[in-house]
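Grab a pencil and work through these exercises with the structure open beside you. Try each task before you read its solution.

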Amino acid sequence: MRVLIVDPYADIAETTSELLSRMGHECRTAACATDALAVADAFDPELAIVDIGLPDFSGLDLLRALRSRLGRRAPYAAALTGWTDARSQALDAGFDHCLLKPATREQLCLVVELAERRQRASS
């Protein structure tokens with residue numbers, strides 16, 4: 001699965017990428033929404049794990065932009081946030097799932113599994 005990880009904290013993005021890569025997934029990272037859009041255009045991710053608090057514009061706005069840009073190819077999207085009150089906001093904005101930082105290995109595996117299920121169902 002192609003996974004885009006968007007987080008301004010390099011250690012979180014790299015750790016998540018390394019874990020998912022070891023599980024056999026192809027990962028790309030971006031530290032801001034602008035970079036994420038450029039990566040998404042070239043990478044065509046099947047799963048996007050997006051921090052809500054990005055430095056240039058919010059992860060909520062990034063999700064809207066990804067969905068607009070990629071249309072039917074838009075990835076399964078999981079919000080990743082340190083804000084405990086952001087879950088309903090993320091789901092209302094259209095995220096498929098919401099994880100609180102720090103996400104565990106089990107939580108990341110669940111998100112990948114859900115994304116894979118959706119991909120199989122749409123095939």
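**Exercise 1.** Which residues are linked with R2 in a network of salt bridges?

*Solution.* Before you start, note that this is a predicted model, where local features need pLDDT of at least 70, side-chain atom pairs count only at pLDDT 80 or more, and totals for chains, interfaces and linings use all residues. Residues are numbered from 1 along each chain as its sequence is written, and side-chain values use heavy atoms, with hydrogens and water left out.

Step 1: recall the term. A salt bridge is a side-chain nitrogen of Lys or Arg within 4 Å of a carboxyl oxygen of Asp or Glu. Side chains of opposite charge can pair when their charged atoms come close.

Step 2: read off the network. R2 is linked with D44, E46 and R73. The structure holds twelve salt bridges.

**Exercise 2.** Take the bridge between R73 and D44, and find where each partner sits.

*Solution.* Step 1: check the distance. The closest N and O atoms of R73 and D44 are 3.0 Å apart.

Step 2: place the residues. R73 is in the loop between α3 (59–70) and β4 (76–81), while D44 is in the loop between α2 (33–43) and β3 (47–51). Helices (H or I, at least four residues) and strands (E, at least two) are DSSP runs, numbered from the N terminus. The pair is 29 residues apart and links distant parts of the chain.

**Exercise 3.** Is D51 buried or exposed?

*Solution.* Step 1: get the cut-offs. Buried means under 20% relative accessible area, exposed over 50%, and partly exposed in between (1.4 Å probe, protein chains only).

Step 2: compare. D51 has a relative accessible area of 4%, so it's buried.

Step 3: look at its partner. D51 meets K101 in a salt bridge, 2.4 Å from N to O. D51 lies in strand β3 and K101 in the loop between β5 (97–100) and α5 (105–122), 50 residues apart. K101 comes out at 24% relative accessibility, so it counts as partly exposed.

**Exercise 4.** How many bridges join β4 to β5?

*Solution.* Step 1: know the rule. Two strands pair if DSSP finds at least two bridges between them.

Step 2: count. Four bridges join β4 to β5, and these strands run parallel. One to look up is A79, whose bridge partner in β5 is C98.

Step 3: follow the chain. From β4 the chain passes through α4 to β5, a β-α-β crossover that is right-handed. That word applies if, with the strands pointing away from the viewer, the path from the first strand over the helix to the second runs clockwise.
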